[in-house]
Every structure is written in structure tokens, then in C-alpha cells.
Amino acid sequence: MRHDKLDIFFHPDVLSMRTPDGLFDGAPSPLLEVQMTSVEGPDRIANIRSALERGPSADRFEWHTGWHATDDDILSFHTPGYLKSLKEADENGRWFNKSTFLPAGGLKGVRAGAGTILAALDHVLAEDGGIAYALVRPPTHHAAADMADGYCLLNGVAMAALRARAAGLARIAIVDWDVHHGNGTQDAFFDRDDVLFISMHMNHGSWSDETHPQTGEVDEIGRGAGRGYNLNLPVPFGAGDKVYDGLMTQVVLPALKAFAPDLIIVSNGQDASQFDPNGRNLLSMAGFHQLANRIADSAKELCDGRMLVVQEGGYNPAYTGLCAYATAVGFLGAPLDVPEPLAFYPENPDEVRRTISELIARHPLLDQTGQWWSTGG
Ligand SMILES: [Zn+2]
């Protein structure tokens, strides 16, 4: 199914903030002659933008400028105490934890990221159908209401889902294919049955008891009214195009159909790519293109094409740009029109089948065919 154009929302301020160079905590290693540039930097977004502007499908991308999230926007999800801590950190800069830094004066860029997501959402709602892609940083899906985590300072996806609910949409589905578990978004909607959260991620478990106690495991299924509405799909390290596509077709798309959302939000990270420094999965450009193509068709079928795409991770600054381009072309339903420079990973079909069937077999929310049980099993 083809979509005529893809509306892309961007704000130049998202390029303005920088994390100090170094491995993860900004500390240079005395062993290294050449220090590593912080991977969550503006380069990766600059390359996504240039790929979209220079690629053969450039004339099908329509660019719009976003805005800065206001205090009220932020408080729609985050706590007043947390917003206060962001404002204080903005004065001198602060490491919130080992991976998450706000430089002095950086809050402007963070507000631009979150506000641009909301601007893209408003466009989807006003157009009453269509896809909008918020090309932003820092990423969003690890941030909780009162906590920064994993480069994420504001959870723009959670803010957008709540804004869509406030605008009158009854059911929102969030599909997160960033290679990391979307713990902040999971936490935001764990008690709710009006927001279905589906996360496909590498099986990294919890990385911090303090900021990231969630494991992303299959038994985190939601709580109370939300029981059954949190669908984690952790995949082994090394999962590639065929595992992701198999899960998409066997589990994610049927679950979306059963849930019947009024809007789909995609947490669109490219860090499941085969060359990502922060990921251990092996998607290629073709794999991202296929995921995007399938979910855009699903949005067309289920909710008049209403879909908000939010940029999350993707930390190889070159390959992220190419994979994000392939993803965007997939959302259009158009063939991939840029060659893959490097993919060579041969996926063993038996291993792919075994990976998917083992995950389905141990999942409390899925029957043996992979069908989602909305009641929580
Ligand atoms: Zn990620």
C-alpha cells in the first residue's frame, strides 16, 4: 500500500546539545590516543536528515518545523519535582546517572525534541489520517515520569500518547522497535488498558536497579486494569531481519488488529542495526524497510493511517542515517531505492523459527499460534 508523502517534523535546536566525549560517562580513558565521541550526539540526526534530503525519494518527504515543549506539556506526564531538577541542571549541567547528561543550557534542545513530537502528533490528528515522523533527539523511551535514564530526559512518546487520549482518541498502541527495552514508556502505561505497549528488544535485562529496574521480560504484562496490555518481546542477541519480521507478522500485527487502536505510535530506533555500538542485533536496511512497510499498512487498515513515528536510538552515525532512510521509504510503501552497502549476515532459517517459537511458547500473553490474549492469559 502506498502513501503519497511522509510529513517530517524537525527543529534545529535538537542539534544544539552535546554530551561530553568519552565512553558513556564522559570520562576520557587515559589508555586511548583518540577518545570516543559520545554516540548520542547531533551527528546521527544530521545524517538522518541529510539522507532524507538527498535520497532518491526526497521529493516525497515534506518538512515542517516543530516547537519547544512548554512546562505544561512536560507536566502532562512528568512530575513537578522532576521538571524542577531539569531546570536546575540546565544552569550548570548535570549527570543524572552514568548514561544521561544534560549540559548547561541544554534544556532548550530537550524541549525542542519533545515539542517537535507533539507538533507531529497535532499534525496527524488535524489531518485526520496520515503519518508524521518526528526526527528528534535525545531519545525518549527510557525516561520515566520522575527519572532520566539511557540518554532520555523527557518521554515524548508518553506525552504524545496522553495528548492523543486528551484529544479524544480512545485507544493508543505504541510499538517500540528500538533495540533497547522501552522501560519508561512501559512504566507510564503499566496500569492502563487504553494504551497497548509492545516492545521488541534485545534481551539485555535490567541495566540499573535504580533507573531501570524493569527487565523487559515476557512476564512484565501490566498491572490491574493494565494487565495484558504490556507485551514484551525480548529477542536473543544476534537476531536479524527475519526474526524481527517473523515477530511482526506472527505477533505484533495480529495484536494490533485485536486491540483496534485509533492511533499507532512507533518508537523508531535504528540501534537494532548490525553495526550499532549500543546494540547486539543485526537488522539491515532491508529489515527496517520491511518493518516500516508492514506497520504502515496496518495503520492504514486499522486507524485510517494515523501514525506518529518518533526517532529513538541509532548510534552508528553513518549506518543509522541509511537505515532511517530505508525505514522512511518503508513507511511510504515504496521500494527501497538505495543499495545496502554492507549487509552480509546470513540468517539460518531453522534458528529463526526456533527463536520465534521459543519466545511464543514461554510468553504468558500469547497462545501457541502467537495470538495475543488481551485478558492477560
Ligand atoms: Zn536504544
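Predicted model: local features only at pLDDT ≥ 70, side-chain atom pairs only at ≥ 80, totals over all residues.
I'll start with the core. The largest nonpolar core has 116 residues, and the members that touch the most others are Tyr133, Ile264, Ile265 and Leu308. Helix α4, residues 107–127, supplies the largest share of this core, with 11 residues.

Take Ile265 from that group. Setting aside residues up to four places away in sequence, Ile265 touches Val157, Ala160, Ala161, Ile172, Ile174, Leu308 and Val310. Leu308 is itself one of the residues that touch the most other core members.

Just after α5, Gly168 has a positive phi of about 110°.

Next, Thr185, which sits in helix α6, residues 183–188. Is Thr185 buried or exposed? Thr185 has 30 other C-beta atoms within 10 Å, so it counts as buried. Beyond its neighbours within four places in sequence, Thr185 is in contact with Val157 and Ala158, and also with His141, Asn155, Ile174, Asp176, Phe197 and Ser267. Val157 and Ile174 were on the list for Ile265 too. The C-alpha atoms of Thr185 and His142 are 6.8 Å apart, although 43 residues separate the two along the chain.

Now the helix packing, where α7 is the helix to follow. Helix α7, residues 241–259, packs with helix α10, residues 349–361, at an angle of about 45°, and their axes are 9 Å apart. At that angle α7 is oblique to α10. The crossing of the two is right-handed. On the α7 side the residues are Lys242, Val243, Gly246, Leu247, Gln250 and Val251, and they meet Val352, Thr355, Ile356 and Ile360 in α10. The residues of this contact divide into six nonpolar, three polar and one charged.

Helix α7 also packs with helix α8, residues 285–303; here the angle is about 10° and the axes are 10 Å apart. Therefore α7 and α8 are roughly parallel to each other. From α7, this contact uses Asp241, Tyr244, Asp245, Met248, Thr249, Leu253, Leu256 and Lys257. Their partners in α8 are Ala286, Gly287, Gln290, Leu291, Arg294, Ser298 and Leu302. The contact of α7 with α8 divides into seven nonpolar, four polar and four charged residues.

Last, some backbone geometry to check on your own screens. Where is Pro138 found? Pro138 is in the loop between β5, residues 131–134, and α5. A cis peptide bond joins Arg137 to Pro138, with omega about -10°.

The loop between β5 and α5 also holds Tyr151. Phi of Tyr151 is near 75°, a positive value in a residue other than glycine. Tyr151 is buried, because 24 other C-beta atoms lie within 10 Å.

Ala260 also has a positive phi without being glycine, near 55°. Ala260 lies in the loop between α7 and β9, residues 263–268. With 12 other C-beta atoms within 10 Å, Ala260 is exposed.

Technical notes: Residues numbered from 1 in each chain as written. Core = buried A, V, L, I, M, F, W, Y, C linked by C-beta atoms within 7 Å. Buried ≥ 20, exposed ≤ 12 C-beta atoms within 10 Å, placed from the backbone. Helix = DSSP H or I, 4+ residues; strand = E, 2+ residues; numbered from the N terminus. Contact = placed C-beta atoms within 7 Å. Axes fitted to C-alpha atoms, helices over the stretch in contact; angles between N-to-C directions. Parallel < 35°, antiparallel > 145°, perpendicular 65-115°, else oblique. Left-handed = near helix turned anticlockwise from the far one by under 90°. Nonpolar A, V, L, I, M, F, W, Y, C, P; charged D, E, K, R; others polar.
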